[in-house]
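Biologist: I would like to go through how two chains meet. Please show me the model, and then let us take it in steps.

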There are 2 protein chains.
Amino acid sequence: MQKTTPERSYHHGDLRRALVDTALEVMREERNWQFTLREIARRAGVSHAAPYKHFPDKGALLTELAMIGFDQLRTALIQAQSDAGGEPREVLLPMARAYVDFGIANPALYSLMFGAESRNQCDVHLGENAISVFDTVVDVLGRGQSDGVFRRRPVRDHATACWSLLHGMTMLAIDGLLLPEKVGLEPLKAAFGTLMEGIASEYEAAETPDLR
Amino acid sequence: MQKTTPERSYHHGDLRRALVDTALEVMREERNWQFTLREIARRAGVSHAAPYKHFPDKGALLTELAMIGFDQLRTALIQAQSDAGGEPREVLLPMARAYVDFGIANPALYSLMFGAESRNQCDVHLGENAISVFDTVVDVLGRGQSDGVFRRRPVRDHATACWSLLHGMTMLAIDGLLLPEKVGLEPLKAAFGTLMEGIASEYEAAETPDLR
DNA sequence: GAGCAAAAGTAAGCGCTGTCAACATATGTT
DNA sequence: AACATATGTTGACAGCGCTTACTTTTGCTC
């Protein structure tokens, strides 16, 4: 979609939203790009100082981007959960896939959301959003234990294992360290299979459904 | 140790090593610090252009730091393996702990070693070092399968799960997202326990030895 | 419609960064 | 001693984050 117009009045009209949208677009499309506020302003067609009328500093814009990222991740997880039905054992892999796929599709945004380096210049409350992902996993695992389909081990132990593995896999994928010749073509399915053998009660080694 | 001397001749004598040592020190001791070459030069007591006589650019110094980090991580893993004896089942948790402890003790260095953002400005061969960690895990798991103490599943599936979980846990710890009230005081032991139930054959739920 | 305040732009500046070029100083070799 | 090389320094450039002062537009009140 072509957004550039030959002329723009002195007042942009909706610069705040334009800065956010432009930033999301650049973060998604330009890999290996070092985020700079001046570049965002340039692409939005305003001077380098204009953003400071809408955001106190660079960190405030980054915080907004991260919050949007958490919203999108939450939506993806809920959608995966809803698509897979209510059975905890059937829901974990689709949710795991939604999580990793989100990170792979939005590498810069994902790193912004979970990385302390970027969170140093953001609102500290982002940590709460990051940790709410953990709570989502605890939820599903807890229901699985109630149903008797997951092993009776402290649910947070299972959840810690789940989140660590998913976060690690996402970061490794983003950083280009999951080479097919080393980890195969379906590393998430493979690794998650190993983990599920440690989580599920009397777990069958049968192929789990691939909802890709 | 006080390194500052009141006077230094025009020729430093060993500036390359001083820059590397200074950078490692700053990365380890100053959390939340944004790495700048000028700051390293200042602390080494030379002008901002002096490093360019020893490193073509900033990325070259970062590459050297990452290589040192991989050497240190490799040493820590070998040490843990050697301390725990040769039995694969007894060696995984100590190695896992050595891995995560290394990351927690060297957060900036660890992020440099494994993060693509920093590796963009480094030598691309760093990826080989990163992936050699995976090979280490494959080794131990392979021996465990030969011994019959690990489940007969493609060893790289187990290794992918192991590395992902360890990398994820290290990154989450570095980024301050492993809150004790959420994951307990021993998240590695807990999460690794869950994973080991999916890896080990007829895994006992008994406490694994804590070599801390 | 006039007058005013506020919002939201711009231009310019400051201090920091990475990197380069030219020059200065020390070292090693013949 | 002369020369080449290594290794420092100084100064400059372009870009960054952020601030200040100014300009333009908008919204509100009378």
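This is a predicted model: local features need pLDDT of at least 70, side-chain atom pairs count only at pLDDT 80 or more; totals for chains, interfaces and linings use all residues.

Biologist: How are H8(A) and H8(B) oriented to each other?
Modeller: Two packed helices are described by the angle between their axes and the distance between the axes. Here the axes of H8(A) and H8(B) come within 6 Å and cross at roughly 95 degrees. That angle lies in the range of 65 to 115 degrees. H8(A) and H8(B) are therefore roughly perpendicular.

Biologist: How many charged residues does the contact of H8(A) with H8(B) have?
Modeller: Residues on H8(A) that make the contact include A:Trp163, A:Leu165 and A:Met169. On H8(B), B:Trp163, B:Leu165 and B:Met169 are among them. By class, the contact has 12 nonpolar and 8 polar residues, and the number of charged ones is none.

Biologist: How does H8(A) lie against H10(B)?
Modeller: Their axes are 8 Å apart, at an angle of about 85 degrees. The range to check is again 65 to 115 degrees. So H8(A) is, relative to H10(B), roughly perpendicular.

Biologist: Which residues of H10(B) make the contact with H8(A)?
Modeller: H8(A) brings A:Asp157, A:His158, A:Thr160 and A:Ala161. By class, this contact has 4 nonpolar, 3 polar and 1 charged. From H10(B) come B:Pro187, B:Ala190, B:Ala191 and B:Thr194.

Biologist: Now the whole interface. What area is buried between chain B and chain A?
Modeller: The size of an interface is often given as the accessible area lost when the parts come together. In this model, 47 residues of chain B are in contact with 47 residues of chain A. Carbon and sulfur atoms give 58% of the buried area, and its total is about 3800 Å².

Biologist: Which residues of chain B lose the most area to chain A?
Modeller: Three residues stand out on that side. Together they make up 16% of what it buries, and they are B:Leu177, B:Lys182 and B:Thr194.

Biologist: How many salt bridges are there between chain B and chain A?
Modeller: Take one pair, A:Glu197 with B:Arg153. Their closest N and O atoms are 3.0 Å apart, and the cut-off is 4 Å, so the pair counts as a salt bridge. Between the two chains the count is 6.

Biologist: Which helix gives the largest share of the side of chain B that touches chain A?
Modeller: Helices H6, H7, H8, H9 and H10 of chain B each supply at least two residues. The largest share is 14 residues, and it comes from H8(B).

Note on methods
Residues are numbered from 1 along each chain as its sequence is written. Chains are lettered from A and ligands numbered from 1 in the order in which they are written. Side-chain values use heavy atoms; hydrogens and water are left out. Contact means heavy atoms within 4.5 Å. Buried area is the accessible area (1.4 Å probe) that two parts lose on being put together, summed over both. A salt bridge is a side-chain nitrogen of Lys or Arg within 4 Å of a carboxyl oxygen of Asp or Glu. Helices (H or I, at least four residues) and strands (E, at least two) are DSSP runs, numbered from the N terminus. Axes are lines fitted to C-alpha atoms, for helices over the stretch in contact, and angles run from 0 to 180 degrees between N-to-C directions. Angles under 35 degrees count as roughly parallel, over 145 as roughly antiparallel, 65 to 115 as roughly perpendicular and the rest as oblique. Ala, Val, Leu, Ile, Met, Phe, Trp, Tyr, Cys and Pro count as nonpolar, Asp, Glu, Lys and Arg as charged, and the others, Gly among them, as polar.
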